[in-house]
There are 2 protein chains.
Amino acid sequence: LFRSSGPIQADYPLFAGERRRLAELVEAARRGGIQVPVPRDPGGGSTHEQHKRNYMTIYAAGLLYRVTGDGAYADYARRLLLEYARLYPTLGPHPAASVDSPGRLFWQSLNDSVWLMYAVQGYDAIRDSLSDEDRRTIDEQVFRPMAAFLSEGQPQVFELIHNHATWACAAVGMTGYVLRDDELVARALNGLDKSGRTGFLRQIEQLFSPDGYYSEGPYYQRYALEPFVVFAQAIEANEPERRIFAYRDGVLLKAIRATVQLTQGGYLFPLNDALRDKSLKTDELYQAIAIGYAATRDPTFLSIAQWQGHTTLTPEGLLVARDLAEGKAQPFPFASRLFRDGPAGDGGAVTVLRAGIDEHGQTLVVKNSAQGMGHGHFDKLGWMLYDDGAAVVTDYGAVRFLNVESKDGGRYLGENQSWARQTVAHNTLVVNETSHFDGQWKVGERIAPRQLYFAADGPTRVSTAEVEGAYPEVRFRRTLAQLEVDGLAGPLVVDLLRVQGSKPAQYDLPLHYAGHITDVGFPLHSYPAERPVLGKANGYQHLWVDASGTPEAGNATLTWLNGERFYTYRMLPPAGTRIILAESGANDPRFNLRREPVLIERLENATDATFVAVLEPHGCYDPAAETVTDSRSRIAALHHVHTADADLVALELVDGRTLTLAIADDVDAGKAHRAELDGKPLEWSGHVGRFEAPT
Amino acid sequence: LFRSSGPIQADYPLFAGERRRLAELVEAARRGGIQVPVPRDPGGGSTHEQHKRNYMTIYAAGLLYRVTGDGAYADYARRLLLEYARLYPTLGPHPAASVDSPGRLFWQSLNDSVWLMYAVQGYDAIRDSLSDEDRRTIDEQVFRPMAAFLSEGQPQVFELIHNHATWACAAVGMTGYVLRDDELVARALNGLDKSGRTGFLRQIEQLFSPDGYYSEGPYYQRYALEPFVVFAQAIEANEPERRIFAYRDGVLLKAIRATVQLTQGGYLFPLNDALRDKSLKTDELYQAIAIGYAATRDPTFLSIAQWQGHTTLTPEGLLVARDLAEGKAQPFPFASRLFRDGPAGDGGAVTVLRAGIDEHGQTLVVKNSAQGMGHGHFDKLGWMLYDDGAAVVTDYGAVRFLNVESKDGGRYLGENQSWARQTVAHNTLVVNETSHFDGQWKVGERIAPRQLYFAADGPTRVSTAEVEGAYPEVRFRRTLAQLEVDGLAGPLVVDLLRVQGSKPAQYDLPLHYAGHITDVGFPLHSYPAERPVLGKANGYQHLWVDASGTPEAGNATLTWLNGERFYTYRMLPPAGTRIILAESGANDPRFNLRREPVLIERLENATDATFVAVLEPHGCYDPAAETVTDSRSRIAALHHVHTADADLVALELVDGRTLTLAIADDVDAGKAHRAELDGKPLEWSGHVGRFEAPT
Ligand SMILES: [Zn+2]
Ligand SMILES: [Zn+2]
C-alpha cells in the first residue's frame, strides 16, 4: 500500500507518542483475548462496539508490526482475521438493521465500510508475513467477500454520489490494491459499470466545490475527508501516474486546507448539525494533515499537527513527526476567504472575514451557502462572530450528546429538529415565525443564495449576498462588513439587511450572543411572576421571554461582557420595531438544550424593511488588576439613509470622528456612484465606499 | 525603610518584568504632566481616579529610582509631591463624603490611608536625594499632616479593630519610620494612647484566628493582608528585634499561607461577598508572597510567584525573582486543613478536604465558620466542591461587576443582598423559606457553628459540625466525608445532615451544581407554557422553577456533565420529599444575576429529619476521541439506618462491592461503638468507622 518499505525506527516525539498510544490499545485488546462475536446489537451495543474495537486493533497491530518488526503484533492481527474468516461467510443481513443499507457486521453498511478500510490497512502490513494458507483464507473469506458485498452487493449505496458511497469505494479500492485485484480498483474509481458516472473520481467532482468546500458544512467536511484522503494516498502510492492530488485542480488538497480555514482556535465553525466541541484534534484530521503534508511538504501543515499533538503511525505521519522535530513548522496562514458551495461553485458560499492571519483575530463567518442536505440548517445569510478568542455571536450547533447513552443513545435529539435547525435559532431573518423553505430541506436543496460580492483586502472587508425563495415572494439581501478603525479595541461589524416582500408580514431578526448583559439602552418590560414562552412552533416554543421594549431613535443598544471584553450591539431598527430579550430552554422537559440568550428585533405588518446594526467590541475588564476601561461604547450615534441607488450607514464616534459606509445596490466593480449625506457629496466606485472625517 | 541599600541592578525575568511594567506606568503618567486636582468626585470620578494614579506613580517612580538610579524618576516624584504640598494643607473634609469617616483627598479616609502607604514607600526611596528645603516642604506639608489626620484626626477609625484601621495604622507607622518620628510609630503599633488596647499589634491578635484565617473569608483576607504584611516588613526592616513575623506564633505567615490554601487553581474560594474571578494574581498577593518569602525563604512560595507571573520591585521581590530564576521553586503543599475562625479559634471553622497535595485534586470546602461581619453570607454548614479542576458544587459568590459603571458604578448590586447572601443561594438547610439568623448579620455575629470533628488523613476524610440558633429552636448537624474508593474516577462525597426542630416546619436542602443535566432518575412535572417563580422573598423570588417531582426509594438521582466528567448526586430524602429543579435569574429586570441551576429537596411539615446523599464523579466524555465511558453511576444503591447511637450510610457499587460509613453521634475519639447492618455486626471506635466488603 505504501511506497516506503522496511521497518520505521525513528523516534520523533509525535511519532513515538502514536506508537505508545497504539501499543496500549493493542495491549488492552490482547488482554481480552480474541473476541469476534456474532453480530446482534445496533449502534452502541456490545457486539457493535467489539467489532469497532477489532478493526482498530487490526489496523494498529499491523502498523505496529511494520514499525517495530515485532511478530507478536502480526500474529495477533492474524488470529483476529482468521476468526473473521470463520464468521464472515456465515453472515446475512444484520439482525438489527433498520435502514435500507444493512451491513453484515454492523446494523448499517457504512460501518462495514469503515471496518474494511481500517482492517485492510492493518492487513496490508502483515500480509507478506503470513503462510500461504492463512493468506488465502483471509483473502478469500474476509476481504474479497467484503469488498464484493460493499460494491456489487449494495449498488444502492455504492453508486450514490454521497459520503457513504465514498467510504465504500475507498474500502473496496484499497482492498483491490492489497489483493492486487484490478477489478476492485476499477469499480472503486469509476463505479460498478466503470463508466465514471459513479465511483470515487466522480465523487471528488461532485461532493466538493471548486474551493474544496463540502456541502454539509465544516463538521461533516471533517468526517467526509477521511475516505477521500486515505484512498487518495493509496492511489498515489500505487498509481502515482494518476496524480490524484492534482486531480480537478488539486481539490482534495484544497479540501484539507479549507477544513483548517473553517476553524477558530482549532474548533470547527458549528454550522449545520455540528457539535461545538469538535476540533481538529480528531482521527480524520490526523490522517488528513499527515497525508496533505506528505503530498505537498507545505510547512504550515506542521503547525496544525503540532496543535493536534497527534499524527498517524504511517510513513506520512513519520514525515510530519520528523520535520516537526526538525523545526520546519510555519504558522498556518489563516485568511479571509470565500468558500463557494456546489460542484460548480454556484451554490452560494461560506465567507470568512478575518482580522489578520492570526487565528485568534476577529473572525466573521457568513453562511450564504446552499442547504447542505438533511443535516443542513435553515440559516440562509446568517452569521457568527469570534472575537478575542471567544464566540461572541453564536450558532447553536446541534442538539446531541455524542455517545451519551441517557441522551437517546447519543443520537441527534428531538430538539435538534425542533430548535437547532430552525431559522429562529440563527442570526438571520424569520418571516411570520416560520423557517426558511418552511423547514423542508429538500426544498432548500433547490434554492441557494447568491454571493453577490466579496472583498477582503485592506481595512474594509465586505460580503454581500441575496436569497430569493426562502419565503414565498420574499427576497432579502444582506451586507456584512468588518471594518478596522484606528483606536478601537477590535474591528466593527456593520450589518445591513434589506427585505422586500409582497404582502404584510412579521419580520424577526434574532441575534444570538454570548455574554452577560451589562447595559440596555432602552426601557424594558419584564415578567416578575412567570416567564412566558415566545411562540408555538418552528423553534419559538423553545424560547423563554425575559423582557421586551420598543426603543426610540438612538437608544437601541445592548451591551454585554464576554471574557475580558465588552460588546455593544447598536441597532437602527425600522420604526415600531419591538425588541425581545429571550433565552433558549423552554419546552425542554429532558434538559436537552443549553440555555443561551438571544435578542430579537420584531417588526410587524411590514413589506419592505431595512435592518441596520453595528456590533462593536470595546474596553477591557481585567479582574487581576481590578481595572475596567471603556465599558461604554465608543460610538455616539448610528445613522442610515437610502439614496437613489445606495445605502449609507454612518457612525459618529465619541471622539468626534465619523465613518460612513456607502453600499451601492449595484455590486458592479467599475460603476461610479454619488450620494449626499448631510449636504456633503460622497463619491465612490464599485459596490462599497468608505469615508472618514477627519481623515 | 529597607535594610538593603544601593541600586539593585539584577535582571531576573520576573523582576525585569516589574521594572518594565512600572516604567510604562510612570511614562504614561509623565505624558499627562503633573495633575493634582482639588478633590471633588466620589469613587470612580475623575479627581478620585487621578489621586489613585498619583500614589501609584509616586510609589513606582520611587522604586524605579532606587533600582535604576535614574534621577528623572526621583524628579518626577518630587514634583508631584511638591504639588501635594501646595494642595494638602488647604483641604478640609472631602466635598463628596457620605460616610462618617471622610477623607481629605478621597470621599472616604480609607483611600487616604492607601494613598499614604503607597506614597510614603516611594518617598522613602527618593527622600535622601532631595534638597533640604524640598524635603522639609514635603515632610511638613504632606506626610506629617496626613499621618496626623489619619491617626489623631480620626480616632473613630484609627482605634477600631477593623481592616480600615489596619490601613491607617500601617500608613501612619510607615510614615513614622520614614520621617524618623517615633511618636507616629508608637501610635501605629499600640494605639493613640499607646496602651496596646488598639493599634497594629492588637489588630494582629484580634483580626486573625490562630490558624491565620480572616473572619470575612478568603476574598477579603486577600485584601486585608496587604497592610499587615507591608507594615510588618517595614517593622522587620527597622526594628528586627520585635520579631514581628514570629509575633503570636507567626500568625502573619500563617495568614499568607492560609490565603494560598484557600484557593483552587489559583482562584480564591468564593465564600461570602466574593468575586469568582479573583485569583492570587493581584497586587496584595504579589506583596504578600514576596514578603513571606523574604521572611522564611520557604521555596514553596516561589511556585506561587511563578504562577502569579509577578512580584514587587522591592528587595523582597528581587529575592523572589532571583531564587525563582535559580530554580529553587518547590510545589506549594496544598493540603486538607482546618482553619479555625475567631481570635481564640472557637468561632467555628472553614474546613478543606483535598485528595492529595495537587491543587487540582478534588477539593471539598465546608463553611462552618462564623458570620464574618457585614460581608458574610447566611450559609452555615454549607459546602462546595471542586473536581477535575472545575467548580462542581458551587457558591454564587457576590453579585457585583467590579468597576463596571453601568452596574451601579461597580458597587455590590441589590441582588447581592436579595440573592447571593441568602441561605437558599447556598448548599445548606433552609427552614420555612427564611435565611439563617433571619438574614440579620449582627445576630449571626453572636452565634458560630461548632466544629465537632475533623480528620483528614488517609482515604476517609471527615468534617462534622453543628449549629444551634441559626433558626429558633432548630439545631442541625452535618457530616461531610470525602472517600477514596479504588476503581472510581474520583473520591465520593457523602453528606449526612440531621435536623432537630421543635415544631413542624418546611425544610429545603439546595444543591447548586454546575453542568448540563444528562439524566434524572425520577419522573418530573415540567412547565410547558410559563415558568413559575419559586417564592416571594429571601432569595426564593430569584428562582425560576423548571420542574419538580417526588422520587421513590432508589430513584432520587440527578446526573450532569461538567467538562469531561459526569457527576451523579444520589439522594435518600425523607419520605414525601419533593425535588425541585430551578435556576437563578427570576425577578432580575436589570440582568444582574448569572443563571445557574439548583436542585432543592423539599420536606414539608417536619420536625426531625435526616438528609443523606452521595455525590459521585464518574466516567469520561472525550470529544476528541469521540468516546464516552461510564456515563452512568457506578453506585447501585444507597441505604441509611439510624441505630441507637450512630448513622450508618451504606453504598452498593455496581461491581458488587459494598462500602459502609458508620458515623457515631458521639465525636469522642476513644469511644467504642457497635451496630448491626443486615444482620452483620459493625464495630469501630471514635466518631467514624469505615467498612468494605469484599475487602
Ligand atoms: Zn445552525
Ligand atoms: Zn455565598
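Predicted model: local features only at pLDDT ≥ 70, side-chain atom pairs only at ≥ 80, totals over all residues.
View 1. Helices (H or I, at least four residues) and strands (E, at least two) are DSSP runs, numbered from the N terminus. L189(A) has a relative accessible area of 1%, so the residue counts as buried (under 20%; exposed is over 50%, partly exposed in between, with a 1.4 Å probe and protein chains only). Not counting residues up to four places away in sequence, L189(A) touches T198(A), G199(A), F200(A), L201(A), F231(A), I235(A), E239(A) and R242(A); contact means heavy atoms within 4.5 Å. V172(A) is 17 residues away in sequence and 9.5 Å away in space, C-alpha to C-alpha, from L189(A).

**View 2. R187(A), also in helix 8 of chain A.** With a relative accessible area of 10%, R187(A) is buried. Leaving aside neighbours within four places in sequence, the contacts of R187(A) are A148(A), S151(A), E152(A), F158(A), L192(A) and K194(A).

**View 3. The contact between chain B and chain A.** Each side has its share: 47 residues come from chain B and 47 residues from chain A. About 4000 Å² is buried between the chains, with carbon and sulfur atoms giving 51%; buried area is the accessible area (1.4 Å probe) that two parts lose on being put together, summed over both. H516(B), F591(B) and E626(B) supply 16% of the area that chain B buries against chain A, more than any other three residues.

**View 4. Salt bridges across the interface of chain B and chain A.** Here the rule finds 10 salt bridges, each a side-chain nitrogen of Lys or Arg within 4 Å of a carboxyl oxygen of Asp or Glu. One of them links R595(B) with D546(A), whose closest N and O atoms are 2.9 Å apart.

**View 5. Strand 16 of chain A beside strand 16 of chain B.** These antiparallel strands are joined by three bridges, and two strands pair if DSSP finds at least two bridges between them. P532(A) stands opposite E530(B).

Conventions: Residues numbered from 1 in each chain as written. Chains lettered and ligands numbered in written order. Heavy atoms only, no water.
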